[in-house]
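Good morning. I will go through one model today, and I will keep to what can be read from it.

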Amino acid sequence: MGAVVSHASAAAPPPPPPGYAPTFADAASSAPPPLTPPGTGKDAAAVAEEEEEEGEKVDYMNLPCPVPYEDLQREAMMALRIDTFEGFRFDFIKGITPFFSLCHSVSMVSMELPSQGADVIKVPTSNYEFGANYLHPKMVLMGRVSHDGRLSARTKWDPSENLCVKINAQLTSEPHYSQGMLHCDYKGKDFRTQLQLGNGAYYGGNYIQSVTKNLSLGTEFFWIGQHRKSGVGFAARYDTKKMVATGQIATTGVVSLSYVQKVSEKVSLASDFMYNPMAKDVTASFGYDYMLRQCRLRGKIDTNGVVSALLEEHMAPGVNFNLSAEVDHWKKDYKFGFGMSIGE
Amino acid sequence: MASRPSLKPKPKGKGARKGSPPADEEQSKAAATMQFVKEWTTWTMKKSKVAAHYGFIPLIIVLGMTTEPKPTLFQLLSPV
């Protein structure tokens with residue numbers, strides 16, 4: 001998800017809003033690097049083909065539907081937001097019917113504790129989670145409950161073809177630590193719009209419209225009653241078969257640009273730039289994503305000195321083996337993990 | 001003219017005094033209703049949060065077991 005507001009700046013008092021943070025990336029609104037329109041600067045063999053394409057008049061009344069606003073940067077996120085893990089992880093997914101499945105997850109990790117000094121303090125913790133999924137074309141219910149009683153629930157319901165209602169919630173027994181969010185999406189012919197309602201008096205919405213065949217522009221706003229914050233953001237996405245470039249900017253001052261080049265069906269390279277003046281944070285990252293038949297390998301390097309990679313190997317149908325590694329050169333910290341996942 | 005202003009406030013004053021207690025009562029009734037609605041919605045939210053916390057996973061399991069194709073209890077509980 002790529003919302004523009006950085007909730008990290010609002011995070012300190014409980015309830016911590018991690019549900020919001022990963023979805024929001026900050027982007028710069030300056031236009032994507034000047035892209036030569038198709039048909040210029042190509043060699044003679046391709047010119048004929050492009051002239052034919054240009055000959056087809058663009059029908060501005062029949063533009064394709066844009067991607068959802070939160071998926072604006074999805075190609076970049078897939079390559080660059082690698083969820084590396086530490087320790088051991090085992091997932092077992094048991095399908096009972098085509099719609100209904102249960103899953104058991106065990107993980108033994110070292111959790112990092114925030115420490116005052118430069119040392120990194122890690123505490124071994126282990127976790128068991130039981131989950132049940134009901135995946136029906138009209139209604140999707142996914143629930144996970146961990147051994148300490150924390151429930152995370154996701155519901156998606158399509159009352160009609162164009163309307164979609166999603167509810168995400170993390171419920172705990174401790175008071176004031178639960179969170180919930182409701183999204184209502186409407187998909188129009190060449191636009192999409194979404195309204196969001198969350199706890200802590202969170203109200204938000206976004207709208208994205210296809211402007212030309214390749215370009216779509218969007219905007220979003222949010223208002224948090226609890227922390228008295230609000231913001232407006234703008235986003236643009238230009239995608240062709242070979243590349244995707246996106247840009248986002250918000251009144252919170254966050255600016256985020258990304259560029260993904262699809263070198264081939266199996267390989268894509270991505271780069272990302274994020275500037276957050278509130279947290280005085282500037283980060284650029286470069287990554288790759290190899291989607292091969294037997295495995296999927298993703299790696300990235302960051303200007304924060306973090307190098308990370310994740311390998312998912314499909315050893316047999318339904319059996320996956322994952323290896324993850326991350327080294328943070330500035331903090332002199334490293335995380336290695338391995339895991340196995342059985343079942344689809 | 002001079003006497004009128006002195007006379008006018010009196011009926012106004014009387015009228016205002018008569019008007020304000022009923023207005024006050026209405027205001028306090030409205031405030032009490034709002035208070036009641038707020039408390040009731042808070043109570044409902046708390047109870048529904050507890051219900052969702054305990055009942056969501058059982059709801060999914062019941063929904064999965066009762067819709068077509070209906071699996072058997074053995075299929076639910078066996079590790080294979």
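Let me start with P69(B), which sits in the loop between α2 (9-66) and α3 of chain B. This is a predicted model, and at this spot it has a cis peptide bond, joining E68(B) and P69(B). The omega angle there is about -10 degrees.

Staying with chain B, there is an annotation to mention. The unreviewed UniProt entry places a "transmembrane region" at residues 50-67 of chain B. What does the model show for that span?

How confident is the predictor about chain B? The mean pLDDT of chain B is 79, with 72% of its residues at 70 or more. Within chain B, helix α1 (residues 3-7) has the lowest confidence, a mean of 53. Helix α3 (residues 73-77) of chain B has the highest, at 88.

Chain A has a mean pLDDT of 84, and 84% of its residues reach 70 or more. Where pLDDT is low, the predicted coordinates should not be read in detail. For the model as a whole, the scores are ipTM 0.74 and pTM 0.73.

Now the interface. How many residues does each chain bring to the contact? Chain A gives 26 residues and chain B gives 19 residues. Between them the two chains bury about 1,700 Å², and 78% of that is on carbon and sulfur atoms. On the side of chain A, the residues losing the most area to chain B are K94(A), F100(A) and Y134(A), together 28% of what that side buries.

What kinds of polar pairing cross this interface? The rule finds 0 salt bridges between chain A and chain B. It does find 6 residue pairs in polar contact, both residues at pLDDT 80 or more.

Which strands of chain A are involved? β1 (87-95), β2 (100-113), β3 (121-135), β4 (139-146) and β5 (151-157) of chain A each supply at least two residues to the side that touches chain B. β4(A) gives the most, with 5 residues. By type, the residues on that side of chain A divide into 15 nonpolar, 8 polar and 3 charged.

Back to salt bridges, this time over all chains: the search of the whole structure finds 12. One of them is between K166(A) and E70(A), with the closest N and O atoms 3.6 Å apart. This pair links distant parts of the chain, 96 residues apart. K166(A) is in strand β6 (residues 163-171) of chain A, while E70(A) is in the loop between α1 (44-55) and α2 (74-80) of chain A. Side chains of opposite charge can pair when their charged atoms come close.

One last residue. A201(A) lies in the loop between β8 (191-198) and β9 (202-210) of chain A. Its phi is near 50 degrees, a positive value in a residue other than glycine.

That is the end of my part.

Conventions: Residues numbered from 1 in each chain as written. Chains lettered and ligands numbered in written order. Heavy atoms only, no water. Contact = heavy atoms within 4.5 Å. Buried area = accessible area lost by both parts, 1.4 Å probe. Salt bridge = Lys/Arg side-chain N within 4 Å of Asp/Glu carboxyl O. Polar contact = N/O pair within 3.5 Å; in protein donor to acceptor, adjacent residues only side chain to side chain. Helix = DSSP H or I, 4+ residues; strand = E, 2+ residues; numbered from the N terminus. Nonpolar A, V, L, I, M, F, W, Y, C, P; charged D, E, K, R; others polar. UniProt positions renumbered as here; feature names shortened; annotations may be inferred. pLDDT = per-residue confidence, 0-100.
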